[in-house]
Structures are given as structure tokens and as C-alpha cells.
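Student: I have a structure open and would like to learn how to read it step by step. Could you guide me?

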Amino acid sequence: MVIKVYTSGISGNKEVKKRQQRIMMILDSKNIKYVAIDITEPGKEAEKQFMQDNAKAADSKHPLPPQIFNGDQYCGDYLGFDLANENDELEVFLKLPIPTSPAPAPPVINGREVILFYFLKIKKLKYFVQFF
């Protein structure tokens, strides 16, 4: 399935434009393939109708761009996308298969395994090293 981002190329609302750009910037940075569909272009009436029929409206009568789909499955709007991105759950939000990667090998110093414990405290990153 392909991710579809429904957008509006002629929106006078700067917030809508920023949200559309942010979605596409994040998808590009994560190498997630997508198709941007500008529902305001001539000949895109069917795509606009599909988006309005299948997306959920948050604050208005009709759902407004940007709206995100995986194929024909509705994923959500900008707020859901942004929340999923912040919580590192974008693959789940986009209904993508979650990649399985092997566990990284622990770091080794002088032939000994090292376990690092990181603690974030008042904007300072402190770490503790334990040798085994």
C-alpha cells in the first residue's frame, strides 16, 4: 500500500500550509514513500470526494487537508500524525509493517562488554558505565 497525503495547494491558511509541509518533511526524512494529492487541482474531484467521505472531520463540517491514508485505509489528520511522530509510533499510525531489526550488539571496550545507563537531568546528559 502507498501512503497518500491529501493536501490543498491554494489554501490561504498559513497553518494548513505549514502542517502539510511538516508531514511531507517528516515522511521524507524517514524515507517513507508517499503520494501527495492536491485536491484543489482540476480533475481531482474524485480524490477530494474520497477524502471527504472517508476522513473524519475534527472541527468543521467536512474534513480539511492535510489528511493521511494508507491506500484506502484512513490513518488520521495532522494532529494524529504529529502525536504519533512525537511518541515514535509513526509506523503504527500509518498502518505500516513494523520493521524488525536485530538487537544491537553491546559496545566493547578493551575486550569487555559495556552497559551504558543514560540519565537526562536538567538538560545535562549524564552517563554511568558498568563493565562486565
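The dialogue below goes from the overall fold to single residues.

Student: What should I know before I start?

Tutor: This is a predicted model, in which local features need pLDDT of at least 70 and side-chain atom pairs count only at pLDDT 80 or more, while totals for chains, interfaces and linings use all residues. Residues are numbered from 1 along each chain as its sequence is written, and side-chain values use heavy atoms, with hydrogens and water left out.

Student: How many helices and strands does the protein have?

Tutor: Helices (H or I, at least four residues) and strands (E, at least two) are DSSP runs, numbered from the N terminus. Here there are 4 helices and 7 strands, and from the N terminus on they follow the order β-α-β-α-β-β-α-α-β-β-β.

Student: In what order do the 4 strands of the open sheet lie?

Tutor: Strands of a sheet pair through backbone hydrogen bonds, either parallel or antiparallel. We call two strands paired if DSSP finds at least two bridges between them. In this open sheet the order is β2-β1-β3-β4, with mixed pairing. At the edges are β2 (34-38) and β4, each pairing on one side only. On average, neighbouring strands are turned by 25° against each other, direction ignored; axes are lines fitted to C-alpha atoms, for helices over the stretch in contact, and angles run from 0 to 180 degrees between N-to-C directions.

Student: Which helices go with this sheet?

Tutor: Contact means heavy atoms within 4.5 Å. Helix α1 (residues 14-29) packs on the sheet and touches β1, β2 and β3, its direction making about 160° with that of β1. Helix α2 (residues 45-54) lies across β1, β2, β3 and β4 and runs at about 90° to β3.

Student: Which way do the side chains of β3 point?

Tutor: In a regular strand the side chains alternate between the two faces of the sheet. In β3 (residues 67-70), Q67 and F69 point one way and I68 and N70 the other, and all are buried. Buried means under 20% relative accessible area, exposed over 50% and partly exposed in between, with a 1.4 Å probe and protein chains only. Across the protein, 29% of the 132 residues count as buried.

Student: What are the bridge partners in β3 of Y6 and K4?

Tutor: Y6 is partnered by Q67, and K4 by F69. These strands, β1 (residues 3-7) and β3, pair in the antiparallel sense over 4 bridges. On to β4 (residues 73-77): 4 bridges join β3 to this strand, again antiparallel, and there Q67 has D77 as its bridge partner. The hairpin of β3 and β4 has 2 residues between the strands, and G71 takes a positive phi near 65°.

Student: How far from D77 is the nearest side chain of opposite charge?

Tutor: Lys and Arg count as positive and Asp and Glu as negative; His and the chain ends are not counted. A salt bridge is a side-chain nitrogen of Lys or Arg within 4 Å of a carboxyl oxygen of Asp or Glu. D77 is buried yet has no salt bridge, as the nearest such side chain, R19, is 6.5 Å away. The D77 side chain does reach the backbone nitrogen of G80 at 3.1 Å. Leaving aside neighbours within four places in sequence, D77 contacts A58, P66, Q67, I68 and F93.

Student: Is S8 buried or exposed?

Tutor: S8, in the loop between β1 and α1, counts as buried because its relative accessible area is 11%. Not counting residues up to four places away in sequence, S8 touches Q20, D38, T40 and P65.

Definitions and conventions
A polar contact is a pair of N or O atoms within 3.5 Å; within protein, one must be able to donate a hydrogen and the other to accept it, and residues adjacent in sequence count only if both atoms are side-chain atoms.
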